[in-house]
Amino acid sequence: MHIVDILQQWSENNAFFIWLRESSSVFAYPMVFFIHTLGLIFTAGASVLVDARLLGAARQLPVAPFARYFAAIWIGIAFTVMSGVVMLGADIQTKLQNRLFPPKMLCVVAAIALTAALRTRIASTRPEADVSPLVRALAAASLICWLGAIALGKFAVYF
Amino acid sequence: MNSWWVVPLCKTIHYFGIAGLAGIVGLLDLRIFGVAKGLPLRPLQRLMPWAVVSFLIAAASGYVLLRIAPASALGPPLNIAFAAKILFLVLIGLNDILYFATGLKRQVDAVGVGESTSASAKIVAGVSIALWIGVVYWSRVLTFLAGAI
């Protein structure tokens, strides 16, 4: 049996996921969806701002102190990923069969990896020093991945 | 007019606007709270016009979405979550007016790198964060009550 079928069967018989799918309570699926939305808005928003700064916007702001802000970004990523996994668990087969799901996940994984890569480089940026071409390239990639993940997530619902 | 891609495109634009807004407002509110104190507040507050631009992008795309499917928000019956969302946005506007009118904005401008802001500034920032989280919450309940979740 295929791994997806095994997981699908488990989800269909799991009490928590049954409740999540079938409850009409605003504290069931809508609450998980709310946490996902809140987390991704905060995470993507913060990342887009940091990326814009690295790409040359708001030069009046020093780069290095942004490294301290990444703790908040990681908390946002944790909430978004956890709630995302729960929503996937509630509806494994449909979500995995969506043709926009794999590219969305690719964007998300790349964006998270770029967040980690940028943090260490931002922390070691000296005041007054220019942002290196490598860091600018990473920031541009991060920007594309976050915005791409949002767009693919929105379009996936209608695809 | 209503091809299948119009709604997801409007929602994507809506979220891009929200991301710009959340990026600036989130960082400013959290910095006032004491996160990433190495960031100077005065240049951070100079990003506010960009937050307004982001808000206008979100508002315009939101208005288009409302015109495409008015019944899901305006009813009848009126979607109570939509009313709450608009109320919270008005409260955010009042909170922002308070921030400027009471001179708190200028007071925060003068706070140096590594320094803490006043308790009143922290209260206004806290109210702002709570209300914005509320706006996201009501948006999700709005979708739920409209039967789209």
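Biologist: In what order do the elements of chain A run from the N terminus on?

Modeller: This is a predicted model, and in it the elements of chain A run α-α-α-α-α-α-α from the N terminus on. Chain A has seven helices and zero strands.

Biologist: What is the secondary structure of chain B?

Modeller: Chain B also comes to seven helices and zero strands, and its elements follow the order α-α-α-α-α-α-α.

Biologist: What are the scores of the model, and what is the average pLDDT of chain B?

Modeller: The model scores ipTM 0.90 and pTM 0.91. Chain B averages a pLDDT of 92, on a scale from 0 to 100, and 98% of its residues score at least 70.

Biologist: How do you know whether B:A73 is buried or exposed?

Modeller: A residue is called buried if 20 or more other C-beta atoms lie within 10 Å of its own. B:A73 has 20 C-beta neighbours inside 10 Å, and therefore it counts as buried. The residue is placed in helix 4 of chain B, residues 70–74. Leaving aside residues up to four places away in sequence, B:A73 touches B:L66, B:N79, B:F82 and B:L142.

Biologist: How do you know whether the span of helix 4 of chain A agrees with its number of residues?

Modeller: The expected span is 1.5 Å times one less than the number of residues. For the 21 residues of helix 4 of chain A, residues 70–90, this gives 30 Å; the end C-alpha atoms are 30 Å apart, so the two values agree.

Biologist: Which residues of helix 4 of chain A are buried, and what shows where they lie around the axis?

Modeller: The buried residues of helix 4 of chain A are A:F70, A:I73, A:G76, A:I77, A:T80, A:S83 and A:A90. They cover an arc of only 155 degrees around the axis, and therefore they lie on the same side of the helix. On the other side of helix 4 of chain A, A:A71, A:A78 and A:V85 are exposed. The cover over the buried residues includes helix 1, helix 2, helix 3 and helix 6 of chain A.

Biologist: What is the result of the span test for helix 1 of chain B?

Modeller: Its 28 residues should span 40 Å, and its end C-alpha atoms are 39 Å apart, which agrees. Helix 1 of chain B is mostly covered, since 20 of its 28 residues are buried. Just after this helix, B:G34 takes a positive phi of about 120 degrees.

Biologist: What makes up the largest nonpolar core?

Modeller: Such a core is a set of buried nonpolar residues joined through C-beta atoms within 7 Å. The largest has 73 residues, and those with the most contacts inside it are A:I41, A:A111, A:W146, A:A149, A:I150 and B:A19. Elements of chain A and of chain B give two or more residues to this core, including helix 4 of chain A and helix 5 of chain B. Helix 3 of chain A gives the most, with 14 residues. As for A:W146, it touches A:A44, A:S47, A:V48 and A:A111, not counting residues up to four places away in sequence.

Conventions:
Residues numbered from 1 in each chain as written. Chains lettered and ligands numbered in written order. Predicted model: local features only at pLDDT ≥ 70, side-chain atom pairs only at ≥ 80, totals over all residues. Helix = DSSP H or I, 4+ residues; strand = E, 2+ residues; numbered from the N terminus. Buried ≥ 20, exposed ≤ 12 C-beta atoms within 10 Å, placed from the backbone. Contact = placed C-beta atoms within 7 Å. Arc of directions from axis to C-beta. pLDDT = per-residue confidence, 0-100.
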